[in-house]
Amino acid sequence: MQNHVSSSQKQVRRGFLAQAGGAGLAAAFGLFAHGAAQPVGASGYGPLRPVKDESTGLPLLKLPEGFRYVSFGWTQSRMDNGLPTPGSHDGMGIVRESPTAITLIRNHERTLAAQRFAPEQDYWDPEGAGGCTAVTFNPQTEKWVSARPVFAGSVRNCAGGTTPWGSWLTCEETVFGPASISDRKPLPLQKDHGWIFEVRPDGKEAPVPLKDMGRFVHEAVAVDPESGIVYETEDRETAGFYRFIPHQPGKLAKGGRLQMLKAAGQSDLRKGLKIGQTFDVSWVDIEDPERPHSPDSKTETHPNGDELGVYKQGLAAGGSTFARLEGCWYSHGIIYLDATTGGDAGTGQIWQFEPAEQTLTLIYESPGKEILDCPDNMCVSPRGGIVLCEDGSYLPQRIHCLTPNGQLFLFAANNVQLNEERHSFKGDFRAQEWAGATFDSTGTWFFVNIQTPGITFAITGPWERGQL
């Protein structure tokens, strides 16, 4: 979905390049202790406090003063078809929007089929437990109104991305297939996995694997609406950043060419870099995008193979290595992406790729998990702030915002602690990751998931007070 571009938003495209470097920039961000934000000036929204969910009355989130939210789509909640909502909520995006209905497609990062959430005949792989559900929110009544399955039978649907033509690209974060081994046991899967599928909001057109887009451990995608090129991230400690050039823009099933990024003079982008450092970019071809493993890579510790069949083709051709690429987002001519374990501290890098200039710039690096702990899913708000969802070891897991003027501030913290108030869930879930962050086109509603126990939130409040 393309958002309205204000004059202030036009400055976002270059804003991050004006940051200070190194320790000076890190000091400007301030420190965050035990989920409480220290003052950072006008960028943030103030300290966090427990806020009760308007659906359940439970204090599930910590948010700044004035913000409120409505939960929906809990794991096990009944959908429109009477079947239970699947768990492991992950990537999510808006595919349809009107004044009375915002429809999102939400991933479910599951592996083997157990409890069905769609009719058995609708499963692409009868043994795959992953897939997508569509949920609809009415912004006028501030109510969630429906939920339904739109794709079933895939495996480990992690992130993905929306398209300018109103569909959702869901990505499998695995290359499992028939007879693959997990936990020393063969998996009963009936089809090869590791693909991207295009999912429609009505769920009527059965998704098919887009094989030219590669078979690897996918994470997220972002589509450049100007060129139709799809950018793809790979969630491996040795990862590539890819682009898919379709034969026909907007018609991904007609095939295309997969390439991996090469940063001039820098084969390894995981450590030892400075904030603001920029590299000229070229691209190397992936000759066999369907290759899941390197040849002869099966070992006792990797009984299926190394899962690096695509990456090592790109590496051999001169491509550059990132550390666990996850979130990816298009905004106003820029592709933003994050390396979850990148940087000298191993707690995250934020990158900016400019297609028009063919340059790659490191715009932020986390100096430690107290400040930012392993950014995963991301989005850019209509006001220009980069939203970063944590998936690390810091307790509680948090949502941060990186502003165009180089400030990082805390926006939310996971406060989910349950004692069987909902679907018999019991325990402390504050260490569970955030995922699926996205805004509606007006910037009024922010949608996001907590993966476990599996909850979707619609958050609103006085956005004008800050830079998110």
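Residues are numbered from 1 along each chain as its sequence is written, and side-chain values use heavy atoms, without hydrogens or water. Because the model is predicted, local features need pLDDT of at least 70 and side-chain atom pairs count only at pLDDT 80 or more, while totals for chains, interfaces and linings use all residues.

**Exercise 1: aromatic pairs**

Work out how the rings of Y45 and F409 are arranged, and then do likewise for F439 and W463.

Solution. 
- Start with the rule: rings of Phe, Tyr and Trp (its six-membered ring) pair if their centres lie within 6.5 Å; planes under 30 degrees apart are stacked, over 60 edge-to-face, and the rest tilted.
- A search of the whole structure gives 29 aromatic pairs.
- For Y45 and F409, the centres are 5.8 Å apart with 65 degrees between the planes, an edge-to-face pair.
- This pair joins distant parts of the chain: Y45 sits in the loop between β2 (36-37) and β3 (48-51), and F409 in strand β27 (residues 408-414), 364 residues away. Strands (E, at least two residues) and helices (H or I, at least four) are DSSP runs numbered from the N terminus.
- Check burial, where buried means under 20% relative accessible area, exposed over 50%, and partly exposed in between (1.4 Å probe, protein chains only). Y45 has 5% and so is buried; F409 is buried too, at 2%.
- For F439 and W463, the centres are 5.2 Å apart and the planes at 70 degrees, so this pair is edge-to-face.
- F439 belongs to strand β30 (residues 434-439) and W463 to the segment after β32 (455-460), 24 residues apart.

**Exercise 2: the largest core**

Find which residues have the most contacts inside the largest nonpolar core.

Solution. 
- A nonpolar core is a set of buried Ala, Val, Leu, Ile, Met, Phe, Trp, Tyr and Cys residues joined through side-chain atoms within 4.5 Å.
- The largest has 32 residues, and F411, F446 and I459 have the most contacts inside it.
- Elements giving two or more residues to this core include β27, β30, β31 (446-450) and β32.
- Look at F446: leaving out residues up to four places away in sequence, its contacts (heavy atoms within 4.5 Å) include F411, F439, I459 and W463.
- A second, separate core of 24 residues includes L269, V281, Y330 and W351.

**Exercise 3: the setting of T75**

Is T75 buried or exposed? Describe its surroundings as well.

Solution. 
- T75 lies in the loop between β5 (68-72) and β6 (89-98).
- Its relative accessible area is 9%, so T75 is buried.
- A polar atom of the T75 side chain is 2.5 Å from the backbone oxygen of P453.
- Beyond four places in sequence, T75 is in contact with residues including T85, H423, F425 and P453.

**Exercise 4: helix α3**

Which residues of helix α3 (residues 309-316) are buried?

Solution. 
- They are G309, V310, Y311, Q313 and G314.
- Next, find their partners: the buried residues of α3 pack against β16 (230-234), β17 (241-246), β18 (256-263) and β19 (278-285).
- Then look past the helix: α3 is followed by G318, whose phi is positive, near 105 degrees.

Technical notes: A polar contact is a pair of N or O atoms within 3.5 Å; within protein, one must be able to donate a hydrogen and the other to accept it, and residues adjacent in sequence count only if both atoms are side-chain atoms.
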